[in-house]
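Me: I would like to go through the charged contacts and the surface of this model. Could you take me through them?

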Amino acid sequence: MIFGLRLKNIFFIIVGAAILSFGLVNFNMQNHLAEGGFTGITLLLFFMFKWDPSYTNLILNIPLFFVGWKLLGRKSFLYTIIGTVGVSLFLWIFQRYPIDMPLYEDLTLAALFAGVSIGIGLGIIFRFGGTTGGVDIIARLVHKYAGWSMGRTMFLFDACVIALSLLTYLTYREAMYTLVAVFVGARVIDFMQEGAYSARGAMIISDQNNEISRKIMAEMDRGVTVLRGYGSFTKNEREVLYCVVGKNEIVRLKGIITSVDPHAFVSVSVVHDVLGEGFTLDENKKPIEH
């Protein structure tokens, strides 16, 4: 722990900053693609005035640091400082040691790689509690107080910045490919925020609930919760079982249910993130290290 910050979080925020900066330099800047948010503004200033993004990124974010301190708290603020400085540092490095990847004749590929690399970089930073300043701070605040996904908020801001870029230095062709990159990036951010691990939640209605729950706990070592349900047609109260399993276990779960009651009603839904015993905690309530 450093100033209350986890070393693991600091490490991954720096990794995310490196991936993000690599994509900006080697896919966006090399192929004349814009970007959204404050990053897009730094690229606009670069293409119009040749101002170094590694410096303008820091200068533009200084006012928002104070907003982050007041609204996000000390820990998030310090993670934001790490993320923002990390991006500026890696932008400075990758601009001086670029990898020559001439993709201007294949802007589809350039846009896809730009979106994926920026989305992965930002997704990692967000997932470990950081931001890179600018619109990232605003996106976190909107997510916190309005419930909007970060990807959705950033996409709206990105569209405004891209429109400004189109009016100044982008061609229509470059602007359209930039929108592809931004959309891909937003989807990747949402995917990483929701969790790369996807579980399955099963609602089970059967006349053999006791036997089904017993076999699930004995054979799969998964907990089962009993809910009270009410049939609107029959007007009868009955128990409903709810169980969360890994996506690779759903076939086995269905097999257990049908072996006990082939006529059971089962509804399976996607669970994007799971916290608690059996997933993030062991039987002793200790965090599971993956």
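Predicted model: local features only at pLDDT ≥ 70, side-chain atom pairs only at ≥ 80, totals over all residues.

Reply: The side chains of Arg228 and Glu239 meet in a salt bridge, with N and O 3.4 Å apart; the term denotes a side-chain nitrogen of Lys or Arg within 4 Å of a carboxyl oxygen of Asp or Glu. This pair links distant parts of the chain, Arg228 in strand S2 (residues 225–230) and Glu239 in strand S3 (residues 237–246), 11 residues apart. Strands (E, at least two residues) and helices (H or I, at least four) are DSSP runs numbered from the N terminus.

Me: Is Arg228 buried or exposed?

Reply: Arg228 counts as exposed because its relative accessibility is 72%. Buried means under 20% relative accessible area, exposed over 50%, and partly exposed in between (1.4 Å probe, protein chains only). Glu239, at 27%, counts as partly exposed.

Me: How many salt bridges are there by this rule?

Reply: The count comes to 7. One of them joins Arg96 to Asp52, the closest N and O atoms being 3.2 Å apart. Arg96 lies in helix H3 (residues 53–96) and Asp52 in the loop between helix H2 (37–49) and H3, 44 residues apart. Asp52 counts as buried at 16% relative accessibility.

Notes. Residues numbered from 1 in each chain as written. Heavy atoms only, no water.
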